[in-house]
Amino acid sequence: MLTYRFDWSIITSGQYFDWLVSGLFTTLKLSAVSIVFAFLLGLLIAVMRMAHSKPVRWFALAYLEFFRNTPLLVQIFFWYFGSYKILPTVINDWLNKTGFEFAAAAIALTIYTSAFIAEDIRSGVLSIPKEQMEAARSAGFSYLRSMQYIILPQAIRITIPPLVNQFLNVAKNSSLAMTIGVMEMTYQARQVESYTFKGFEAFTAATVVYLALSIVITSLVNLYNEKVLNVHKAA
Amino acid sequence: MKKLVTLFMVMALTTITAKAALAGDTLAEAKKKGVLVVGCKDSLPPFGYIDEKTRQIVGYDIDFVNAIAKKMGVKVELKPVTSASRMPQLQEGHIDIIAATMTKNAERAKVIDFSHTYFFTGQKFITKKGSVKSLKDLEGKRIGTAKGSTSEQNVKKALPTATVLSFDDYPQALLALEQGKVQAVTTDESILIGILDKAPDKSKFEIPNFQISDEPYGLGMRKGDTNLVNFVNKTILEMEKSGEAAKIFDKWFGKYHLHRSFKITADK
């Protein structure tokens with residue numbers, strides 16, 4: 001005897017469908033913003049981590065260890081609630097009026113992910129023989145220019161598979177933003193559940209969306225890999 | 001691939017049949033096992049919260065289930081739940097009964113069975129002192145509450161222009177109010193006074209005197225679990241008659257000077 005009756009109609013049209021769609025767009029926006037900034041920031045930290053100046057290296061190391069080794073949820077709470085104590089009142093008032101939830105979640109996701117991306121990029125760079133750097137330096141390139149023109153283009157290519165993992169993590173980790181009231185996909189699915197008690201349907205929809213999102217990200221990066229970087233899939 | 005699909009189907013089927021088996025006679029089951037598993041709040045004074053000294057969950061809700069379990073002759077096992085998780089937990093058989101400030105309403109009653117009303121309150125707001133005089137002052141403002149609660153649905157109806165922010169639980173909502181991230185926190189008055197009492201800076205806040213809904217609380221049980229429902233109803237009616245129910249009310253709400261404006265009676 002079935003005690004649960006499936007009713008897909010509630011999530012395929014009407015109000016609840018609209019909620020889920022708006023949740024999807026928030027998830028997409030949050031993930032996209034965080035992926036772009038996390039990549040740029042991760043690149044910067046990776047370069048700093050390998051710099052010659054000791055303080056710069058130490059700063060990068062401290063940053064990496066701190067943000068890689070604390071839970072994302074704690075970091076989200078830190079940016080959302082903790083920043084209040086540090087920031088001046090004027091900024092707090094402005095943030096409160098405009099709504100700080102989305103920004104706090106994006107900052108937390110960006111910084112958290114950038115630490116992982118930095119380590120991925122560093123491992124890519126380390127895989128490039130160090131003679132290349134030496135050759136570049138002796139050819140007159142500065143450290144940063146050698147990185148920019150010679151080392152990073154090769155390293156990024158090697159780094160792409162682990163980077164894809166990080167991008168997928170961002171998309172899925174963005175669901176934690178619901179703890180501070182960002183109305184993303186999981187938040188809306190839960191909302192639908194608490195209004196209709198149709199949790200199975202709502203969360204199935206959310207699962208399908210996350211799965212589709214992940215597949216799209218993977219395919220896009222693979223496409224870039226093949227078409228732009230001319231890397232062909234290993235047989 | 002085919003194997004995977006079959007595996008999933010088998011898994012789905014087993015969960016479904018397991019569930020069906022659970023909608024049996026919880027009263028007899030609990031008596032046999034000697035334990036009643038209760039879903040309760042653990043951060044919501046004075047209904048269910050962790051006592052600082054004993055590190056045990058105590059409160060109004062807890063005293064009621066303790067009395068019921070005593071009558072049954074079984075022990076109570078408390079499991080903390082949230083507003084959003086309590087109904088699925090009950091349906092999946094992780095808990096036998098919900099005693100977690102749960103408002104009785106028609107939609108919920110379609111899915112689970114409720115006892116008679118054992119507590120009665122109304123939904124109000126906590127705001128910074130002097131900032132809100134009437135409901136109108138909250139139009140277009142940002143209002144905090146907890147996910148999966150009726151409070152969330154009521155406030156959306158009462159204030160369609162307001163932005164409702166749902167947090168995981170009330171302590172976070174209050175923190176957001178303290179920091180000005182929301183202009184009010186809304187839920188049942190009885191919960192608000194408990195939150196306010198625990199707030200570090202009580203004098204800065206107030207509960208303005210207007211309410212947006214009636215909130216009768218019931219103990220939640222699985223749909224069709226008639227023996228347990230009848231037993232619980234009988235017990236709480238007896239508690240009203242003997243004065244025990246009023247005593248529990250005074251124990252938890254006396255210090256807030258809250259007047260007991262209701263009596264436990266059989267639902268019509």
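**View 1. The two domains of chain B, whose C-alpha centres lie 25 Å apart.** In this predicted model, local features need pLDDT of at least 70 and side-chain atom pairs count only at pLDDT 80 or more, while totals for chains, interfaces and linings use all residues. Residues are numbered from 1 along each chain as its sequence is written, and chains are lettered from A and ligands numbered from 1 in the order in which they are written. Domain 1 of chain B comprises 26-118 + 218-256 and domain 2 comprises 122-214, with bounds that come from an automatic or database domain assignment. Twelve residues from domain 1 of chain B and 15 residues from domain 2 of chain B take part in the contact between them, two residues being in contact if their C-beta atoms, placed from the backbone, lie within 7 Å. On the side of domain 1 of chain B that touches domain 2 of chain B, six residues are nonpolar, six are polar and none is charged; here Ala, Val, Leu, Ile, Met, Phe, Trp, Tyr, Cys and Pro count as nonpolar, Asp, Glu, Lys and Arg as charged, and the others, Gly among them, as polar.

**View 2. Helix α2 of chain B and its buried side.** Within α2(B), residues 26-33, the buried residues are Thr26(B), Leu27(B) and Ala30(B). They lie on the same side of α2(B) because they cover an arc of only 100° around the axis, the arc being that of the directions from the helix axis to the C-beta atoms. A residue is buried if 20 or more other C-beta atoms lie within 10 Å of its own, exposed if 12 or fewer, and partly exposed in between, with C-beta atoms placed from the backbone. The cover over the buried residues of α2(B) includes β1 (35-40), α3 (60-72), β14 (220-222) and α9 (226-242) of chain B, whereas the face turned away from the buried side carries the exposed residues Ala28(B) and Lys32(B). Gly34(B), which follows α2(B), has a positive phi near 75°.

**View 3. Ser175(A) in the loop between α8 (143-173) and α9 (185-196) of chain A.** Ser175(A) counts as buried because it has 20 C-beta neighbours inside 10 Å. Apart from neighbours within four places in sequence, Ser175(A) is in contact with Glu184(A), Met185(A) and Thr186(A). Chain A as a whole has ten helices and zero strands, where helices (H or I, at least four residues) and strands (E, at least two) are DSSP runs, numbered from the N terminus.
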